[in-house]
Amino acid sequence: MAEKGAKTAPIAGDPANFTKFWNELAGQSPYRMTRKLYVKSYGCQMNVYDSHRMADLLAPEGYVETAAPDDADLIILNTCHIREKAADKVYSELGRVRQLKEDAANNGRRVTVAVAGCVAQAEGAEIIRRAPVVDLVIGPQSYHRLPDLLARNSRAVETEFPVEDKFDFLPAPSKAATRARGVTAFVTVQEGCDKFCTFCVVPYTRGAEVSRPVEKIFDEVRNLADAGVREVTLIGQNVNAYHGEDRNGRTWTLGQLLRRIAEIPGIARLRYSTSHPCDVDDDLIDAHRDLPQLSPQLHLPVQSGSDRILDAMNRRHTRADYLRTIDRLRAARPDLALTSDFIVGFPGETEDDFSDTLSLVNDVGYSDSFSFKYSQRPGTPGATMTEQVPEEVKSERLARLQAAIKRHQAAFNARCVGCDFDVLMEKRGRDAGQLTGRSPYLQPVQVMAPQDLIGRMVSVTITGTIANSLFGVLADTPRIAAESRVAQSFAAVGA
Ligand code: 5AD
Ligand code: SF4
């Protein structure tokens with residue numbers, strides 16, 4: 001029923017006016033009507049986590065998530081600024097969003113468009129200037145203010161680093177929302193970075209390192225486990241610099257945090273990402289030795305194999321330091337599979353420097369890795385360095401690096417054939433009757449299996465491999481020592 005002072009229904013005219021009337025009424029009804037929210041995430045896992053938190057925050061305001069942008073009343077693009085193309089993609093998406101917004105307006109429906117995340121933080125009001133379709137620009141530290149900004153119903157740019165902690169304003173996700181998101185979940189334990197690698201925008205867009213208090217993390221993981229989540233990945237821009245406090249003011253390391261989280265009933269597997277080599281401490285290495293729940297796969301970006309380039313990148317470690325850290329980790333957990341990020345064509349990188357990167361790939365024998373051409377990020381020291389490497393040289397080096405990474409990945413996957421792995425079944429696979437899960441080493445595994453195994457950790461014998469995926473069958477034979485087979489294979493991997 002309409003409140004006093006509310007709009008009166010149009011009695012004649014264009015039918016579109018009726019739609020418009022009811023839509024406007026929906027916005028002011030005390031019996032809040034459902035509105036549709038479409039969130040698109042770009043970039044890293046932190047953004048996926050933030051997108052979920054934004055949806056949780058807006059659920060009590062009557063917003064229900066939709067997978068169809070043309071159906072949405074609120075469109076949020078949660079952006080990434082780490083490399084050039086990421087921002088370009090956002091601007092071209094905004095072109096499509098403008099068309100959607102115009103079509104909706106022609107039907108009397110108002111669509112609000114928000115740009116969140118690191119492009120929002122870095123570009124601020126420039127986004128609205130370049131893309132007038134945008135109503136709200138909101139940085140990663142301010143999205144708890146979304147309901148407030150939406151209620152104001154006017155254009156706004158919110159990119160300050162507020163004094164309050166956004167996590168104090170975010171509601172716990174409902175069990176239904178958690179279930180809908182599946183049996184694996186991310187939990188942010190740390191944000192920001194103090195390392196200031198000379199190529200990277202993160203310290204500027206996400207700010208200084210901040211760790212969440214330990215009890216809040218436990219509560220969140222317990223809630224996830226209660227709702228059926230079996231695998232948790234602790235995330236942070238520099239996650240192993242975690243230094244959160246407990247309620248007694250004691251500071252915890254990531255290793256200590258993992259140890260305690262592993263005790264939470266229902267949590268069958270733990271991962272963490274992304275780590276800096278300098279912050280791998282004894283607690284973390286011991287956690288790899290002691291915790292069967294802790295995945296034997298570690299993403300430990302090195303960026304370059306050349307000491308000269310590592311120094312120019314301000315990575316604060318040498319190639320030998322990195323290899324020593326890996327030796328210590330592998331001594332604690334012999335089957336540990338490593339992945340990395342690499343940048344080719346950092347300013348001043350010579351062919352010799354690049355050869356050092358290729359030889360490091362061979363020395364470590366990564367199970368997989370990401371690799372990127374260096375891109376100049378405004379405001380970072382790298383952007384103004386002389387000796388920028390020509391684009392065609394970067395492309396050619398990237399192709400050679402990716403071929404080397406692929407070779408090692410294929411060799412690693414091939415060695416998995418015949419092993420029995422514990423696979424957490426996550427969802428239906430592409431083919432009928434098939435489920436998809438992940439191996440302990442993070443490889444996707446396709447298995448013919450009944451649907452009621454979703455959410456269960458099952459033993460799978462790996463029978464084959466195609467590109468990035470493994471194929472397997474439910475194991476009904478006695479387990480073979482998969483871990484020791486993979487461990488032995490590292491001896492051969494460096495060849
Ligand atoms: N150019 C290319 N790659 C970059 N990365 C970060 N900044 C840049 C840049 N300016 C890569 C790094 C990092 C990953 C998340 O993105 O490899 O680890
Ligand atoms: Fe960026 Fe990672 Fe370096 Fe921090 S440690 S500045 S997030 S690359």
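1. Strand S13 (residues 337-344) pairs with S14 in the parallel sense, over 6 bridges. Strands here are DSSP runs of E of at least two residues, and helices are runs of H or I of at least four, both numbered from the N terminus. Two strands count as paired if DSSP finds at least two bridges between them. One such contact point: Phe 342 has Ser 371 of S14 as its bridge partner.

2. A word on the basis. This is a predicted model, in which local features need pLDDT of at least 70 and side-chain atom pairs count only at pLDDT 80 or more, while totals for chains, interfaces and linings use all residues. Residues are numbered from 1 along each chain as its sequence is written, chains are lettered from A and ligands numbered from 1 in the order in which they are written, and side-chain values use heavy atoms, with hydrogens and water left out.

3. The S13-S14 pair belongs to an open sheet of 3 strands, ordered S12-S13-S14, with parallel pairing. Strand S12 (297-299) and strand S14 (368-373) are the edges; each has a single partner strand, so one side of each has no neighbour in the sheet. From one strand to the next, the twist averages 15 degrees.

4. Helix H15 (residues 391-416) lies across S13 and S14. The helix runs at about 175 degrees to S14. Axes are lines fitted to C-alpha atoms, for helices over the stretch in contact (heavy atoms within 4.5 Å). Angles run from 0 to 180 degrees between N-to-C directions.

5. Val 423 stands opposite Val 458 in S18.

6. S18 also runs antiparallel to strand S19 (residues 469-474), joined by 6 bridges. Ile 466 faces Ser 469 of S19 as its opposite residue. The S18-S19 hairpin has 2 residues between the strands, and Ala 467 takes a positive phi near 50 degrees.

7. Which residues are around ligand 2? They are Cys 193, Lys 195, Phe 196, Cys 197, Phe 199, Cys 200, Val 202, Pro 203, His 276 and Arg 315. Near means a heavy atom within 4 Å. By class, the shell has 7 nonpolar, 1 polar and 2 charged residues. Ala, Val, Leu, Ile, Met, Phe, Trp, Tyr, Cys and Pro count as nonpolar, Asp, Glu, Lys and Arg as charged, the others as polar.

8. For the whole chain, the secondary structure comes to 16 helices and 19 strands.
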